[in-house]
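Welcome to a short tour of one protein chain. Have a look at the sequence and the fold, and then we will visit some residues together.

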Amino acid sequence: MAKPTLNFKCQACGATYSKWSGRCEACGEWNTIVEEKPLAAGPKGKTIGAVRGRAIPLTDLSSKEAPPPRTAAGLDEFDRVLGGGLVPASAVLVGGDPGIGKSTLLLQAAAAFANAGLKVLYISGEEASAQVRLRAQRLGLAEAPVKLATETNLRDILTTLEEEQPDLAIVDSIQTMWADNVESAPGSVSQVRAAAHELTTFAKRHGSAVMMVGHVTKDGQIAGPRVVEHMVDTVLYFEGERGHQFRILRSVKNRFGPADEIGVFEMTGGGLAQVPNPSALFLSERGAPSPGSVVFAGIEGTRPVLVELQALVAPSPHSQPRRSVVGWDGSRLAMILAVLESRCGIPFAGLDVYLNVAGGMRVGEPAADLAVAAALLSAREDSALPAETVVFGEISLSGALRPVGQTENRLKEAHKLGFSAAILPDGGKKTGMKGMALSPMSDLTGFVGNVFGAG
């Protein structure tokens with residue numbers, strides 16, 4: 001009789017090994033590799049792969065069956081991130097730091113969907129029912145037609161879902177769910193994967209939408225294996241700085257809408273309030289023009305957003321100057337500093353460089369290159385740019401400026417907020433806008449010479 005193949009899996013990252021080891025080579029963690037039982041044998045001793053399955057009929061894409069309708073919650077920012085509303089039979093994973101407001105957001109969303117006519121079931125594995133009711137009273141949602149359950153046993157939860165057949169089930173959180181057929185502690189990789197699989201399977205079979213809350217690790221990733229993100233249809237991150245009042249709900253993955261879409265909320269005493277104009281919020285604390293301050297016209301998903309980039313350049317007392325970045329990619333900052341020194345003859349050796357995206361916003365698109373270069377040069381030359389000017393554009397290693405997408409939307413957003421001038425790359429699709437003075441630049445050297453008279 002053949003000896004069964006052993007399967008060992010890391011409980012931190014999900015890497016698989018054929019034998020046990022003290023240290024995981026994938027993530028570097030110690031004592032996280034445990035043995036997992038192989039798949040059980042099928043009928044008459046046959047394995048699962050040897051059993052012939054039944055034929056599955058195919059459906060023509062042009063059939064009369066209509067696509068599932070979306071249900072809007074009435075929270076415009078939440079509906080925007082979902083792609084226009086909640087899709088039936090979808091699985092949504094919401095991640096965020098502890099205390100950032102995930103439970104508050106989903107409780108408000110549950111009340112909104114219930115008021116829209118859906119049958120909503122809120123399952124809490126972290127709080128008692130009295131605690132959830134207390135939060136609902138504080139948010140003014142005590143009269144919302146939402147059914148509440150407090151349980152961590154996955155078998156009991158699935159039984160309740162089978163009986164209730166809700167249109168939307170919210171599970172807070174997936175790390176507290178416990179499957180009695182998995183021999184590991186609650187919150188482990190095996191438990192999280194099993195619970196997410198069972199809940200996603202229920203959603204697909206019964207047409208109910210399931211929202212799961214997931215905690216994030218120190219690295220900002222959802223705790224548990226990345227395979228959980230592949231199981232679900234939509235992955236949302238709820239992020240924000242503790243020192244600021246606003247929160248950003250970002251779509252990282254969405255099978256039913258655009259990814260990288262954001263919704264902006266403001267934390268108030270009565271819960272999370274929607275921010276219909278996030279650009280005005282990010283620029284609300286911007287004072288008089290100062291060296292190192294530049295307004296960048298960016299795009300988050302399908303929405304144009306204006307944010308302030310702040311730079312500080314100071315002589316370094318150390319042999320190794322500091323390069324500190326908050327809200328942007330540090331390696332991209334090093335690239336721009338190298339291009340400024342190599343192509344424009346502007347050195348930053350012996351200077352400490354600090355870059356910050358005001359308001360705690362995180363910028364990831366390359367269109368911010370020119371705005372970062374302008375902020376660095378403004379701080380280095382102690383020369384402030386005009387307050388009514390926005391800057392955007394991508395910088396190549398040759399020093400050329402490349403056009404970016406959605407130029408017209410960026411300019412419209414800037415003009416709506418009172419900006420009258422824009423510095424942008426030459427070329428690309430752009431139309432003249434009444435009230436906006438455009439200054440197209442072909443390369444970084446010309447930009448430095450025209451704006452700062454140096455280089």
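This is a predicted model: local features need pLDDT of at least 70, side-chain atom pairs count only at pLDDT 80 or more; totals for chains, interfaces and linings use all residues.

## Cysteines without a bridge

A search through the whole structure turns up zero disulfides, a disulfide being a pair of cysteine sulfur atoms within 2.5 Å. As a reminder, a disulfide is a covalent bond between the sulfur atoms of two cysteines. C24 is in no disulfide, and the nearest cysteine sulfur belongs to C27, 3.7 Å away. C27 is likewise in no disulfide, with the sulfur of C24 as its nearest cysteine sulfur at 3.7 Å.

Residues are numbered from 1 along each chain as its sequence is written, and side-chain values use heavy atoms, with hydrogens and water left out.

## Rings that meet

The structure holds three aromatic pairs. A pair of aromatic rings is described by the distance of the centres and the angle of the planes. Rings of Phe, Tyr and Trp (its six-membered ring) pair if their centres lie within 6.5 Å; planes under 30 degrees apart count as stacked, over 60 as edge-to-face and the rest as tilted.

One of the pairs is F78 with F113, which is edge-to-face, at 6.3 Å centre to centre and 70 degrees between the planes. F78 lies in helix 1 (residues 76-82) and F113 in helix 2, so this pair ties together parts that are 35 residues apart in sequence. Helices (H or I, at least four residues) and strands (E, at least two) are DSSP runs, numbered from the N terminus. Both partners are buried: F78 has a relative accessible area of 1%, and F113 has 0%.

Another pair is formed by F238 and F265: their ring centres are 6.3 Å apart and their planes are at 70 degrees, so the pair is edge-to-face. This pair links distant parts of the chain, with F238 in strand 9 (residues 234-239) and F265 in strand 11 (residues 262-268), 27 residues apart. F238 counts as buried at 2% relative accessibility, and F265 is buried with a relative accessible area of 2%.

## Charges over rings

Rings can also have a charge over them: this counts if NZ of Lys or CZ of Arg is within 6 Å of the ring centre and within 35 degrees of the ring normal. The charged end of R380 sits over the ring of F348, 5.7 Å from its centre. R410 lies over the face of F392, 5.6 Å from the ring centre.

## An annotated binding site

An unreviewed UniProt entry places the feature "binding site" at G96, D97, P98, G99, I100, G101, K102 and S103. UniProt positions are given in the numbering used here, feature names are shortened, and annotations may be inferred rather than shown by experiment. P98 is in the loop between strand 4 (91-96) and helix 2 (102-115).

G101 also lies in the loop between strand 4 and helix 2, and G101 is buried, with a relative accessible area of 11%. What is G101 in contact with, leaving aside its neighbours within four places in sequence? The partners are F238, M267 and L272, where contact means heavy atoms within 4.5 Å.

## A buried arginine

R303 is found in strand 14 (residues 303-315) and counts as buried at 5% relative accessibility. The side chain of R303 makes a polar contact with the side chain of E77 at 2.9 Å. A polar contact is a pair of N or O atoms within 3.5 Å; within protein, one must be able to donate a hydrogen and the other to accept it, and residues adjacent in sequence count only if both atoms are side-chain atoms.

Most residues other than glycine have a negative phi, and most peptide bonds are trans. The peptide bond from D172 to S173, however, is cis, with omega near 5 degrees. A89, although not a glycine, has a positive phi of about 65 degrees, and is found in the loop between helix 1 and strand 4.

Conventions
Buried means under 20% relative accessible area, exposed over 50%, partly exposed in between (1.4 Å probe, protein chains only).
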